[in-house]
Amino acid sequence: MIMRAELLIFNTVFSILLYLFIKFKEYKSSLVPLYIFWLGTFYIQNIYYYYLNGQTYRIFSDKTLLIFINISTLVFMNAIILLILKKIKWFKHVKTRIKFRKTKLLSIYFNTIAFVIVIYALIYINKFPLITLLKGSNNIRLDISGAIPYYFTVSTFAYFILPSFYFFSGKKRYLILFFLFAVLSLHKGILVYTILFIWINCFDYRLNKEMVMSGVLIALFYLIAKDKLVFNIETIKYLFESSIRRFFITQGSGFIVRLDMLESGFKFVGKDIKRAVYDKIYGGAGGAPTYFLGNLIVSFGYIKGFIIHSSILSLIYYISSIIDYNYKKNNGVKWIFFSIIFIIGNTEITLANLPRVIAIIFNFFIIFILNINAKLLRRKN
């Protein structure tokens with residue numbers, strides 16, 4: 001059983017972070033998605049689940065859980081330090097305010113990417129998981145099975161680039177295309193976090209009929225993805241338990257299992273970490289990603305892993321301070337930042353994900369360059 005001293009320290013540190021989060025109004029900052037990942041990975045796991053004898057994915061020892069509690073404490077302590085530095089303006093505000101305009105060059109760029117995604121979806125429509133599921137076949141994960149050629153590449157543009165077009169231009173067709181692609185792919189995670197992003201940044205946490213309807217549709221979509229189309233008490237119970245477990249337990253448990261495998265002497269060398277962890281938890285082929293610190297610890301050890309994590313986190317807070325200072329109302333810029341946070345918080349830092357990060361950043365610079373060129377052309381004329 002977890003020692004009370006470690007748990008007391010953990011709760012104290014978390015309480016301080018929560019207090020500063022509210023006091024400094026971080027709920028209005030561009031870092032909110034990161035805090036959500038931390039809540040699911042490091043807090044819900046410790047207090048409301050495994051400490052209270054939750055058993056889902058409980059294939060690790062109490063010793064490993066204690067190590068995880070201490071790691072969680074250090075992560076929150078690091079966040080407290082960076083949050084204070086951000087508040088006292090240790091991160092110098094860099095003025096980079098750019099007024100993004102709707103131009104013909106940007107429209108051509110946006111529409112070209114959208115057109116390619118539409119053509120791709122139409123060509124492989126019968127191989128998408130939603131269609132195969134409705135035809136009676138088993139649901140398959142496209143990122144694991146390779147059932148559709150170039151899916152990883154095209155999905156990068158569909159999930160992370162398309163929404164940016166909507167937030168920069170205001171054209172709903174790009175957001176609709178994103179939702180259609182995600183639904184066809186049965187990608188629940190990106191849908192949930194995109195709706196959260198819209199709720200936080202576009203609706204300022206207000207609940208209205210659009211957000212309520214989105215929640216209902218997501219719940220329905222989740223049941224379809226899980227092939228649970230009979231509506232009764234059992235279905236409602238399954239929806240509540242399964243969605244909560246998927247949102248708060250799965251990612252964090254993958255982190256703890258990594259630690260347990262490391263402590264037991266498992267050799268990760270030459271193996272895909274998330275696939276090895278998936279095999280440990282479920283048996284068989286699949287992927288079990290988690291918050292990126294988990295892979296850093298496996299790859300570099302506890303001390304080096306923390307140093308790298310702290311360095312990356314410092315950069316993230318620095319970029320966040322620039323965004324919050326210059327682009328509070330620019331959801332396009334916030335989305336670019338959110339996309340990177342989503343990848344490192346939900347799908348790890350790996351060589352396989354590096355092209356996605358590069359594509360997201362490259363997309364921002366293309367939009368920036370086309371915007372600058374458009375202004376220069378107007379000046380010449």
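## Overall fold

Among the contacts in the protein with a separation of 6 or more, 73% join residues 24 or more positions apart. The model discussed here is predicted. Its secondary structure consists of 16 helices and zero strands.

The protein has 381 residues, of which 50% count as buried. Its accessible surface amounts to about 19,700 Å², and carbon and sulfur atoms contribute 66% of that area.

## Nonpolar core

The largest nonpolar core contains 116 residues. Within this core, W38 and F128 are the residues with the most contacts.

## Packing of helices α9 and α15

Two packed helices are described by the angle between their axes and the distance between the axes. For helix α9 (residues 188-201) and helix α15 (residues 331-346), the axes come within 12 Å and cross at roughly 145°. The crossing of this pair, α9 and α15, is right-handed.

On the α9 side, the contact is formed by G189, I190, Y193, T194, F197 and N201, which meet N331, K334, W335, F338 and F342 of α15. By class, the residues of this contact between α9 and α15 comprise six nonpolar, four polar and one charged.

N363 is located in helix α16, which spans residues 354-380. Its relative accessible area is 1%, under the 20% limit, and N363 is therefore classed as buried.

Which residues is N363 in contact with, leaving aside its neighbours within four places in sequence? These are Y109, I161, S164, F165 and I336.

## A buried glutamate in a loop

E26 belongs to the loop between α1 (4-23) and α2 (32-47). Is this residue, E26, buried or exposed? E26 counts as buried because its relative accessibility is 5%, and the cut-off for burial is under 20%.

Leaving aside the neighbours of E26 within four places in sequence, its contacts are F21, L31, V32, Y35, L83 and K86. E26 and D324 are 298 residues apart along the chain, and their C-alpha atoms are separated by 9.9 Å.

Note on methods: Residues are numbered from 1 along each chain as its sequence is written. This is a predicted model: local features need pLDDT of at least 70, side-chain atom pairs count only at pLDDT 80 or more; totals for chains, interfaces and linings use all residues. Side-chain values use heavy atoms; hydrogens and water are left out. Helices (H or I, at least four residues) and strands (E, at least two) are DSSP runs, numbered from the N terminus. Buried means under 20% relative accessible area, exposed over 50%, partly exposed in between (1.4 Å probe, protein chains only). Contact means heavy atoms within 4.5 Å. Axes are lines fitted to C-alpha atoms, for helices over the stretch in contact, and angles run from 0 to 180 degrees between N-to-C directions. A crossing is left-handed if the near helix is turned anticlockwise from the far one by less than a right angle, and right-handed if clockwise. Ala, Val, Leu, Ile, Met, Phe, Trp, Tyr, Cys and Pro count as nonpolar, Asp, Glu, Lys and Arg as charged, and the others, Gly among them, as polar. A nonpolar core is a set of buried Ala, Val, Leu, Ile, Met, Phe, Trp, Tyr and Cys residues joined through side-chain atoms within 4.5 Å. Accessible areas come from the Shrake-Rupley method with a 1.4 Å probe; for residues, only the protein chains shown count as cover.
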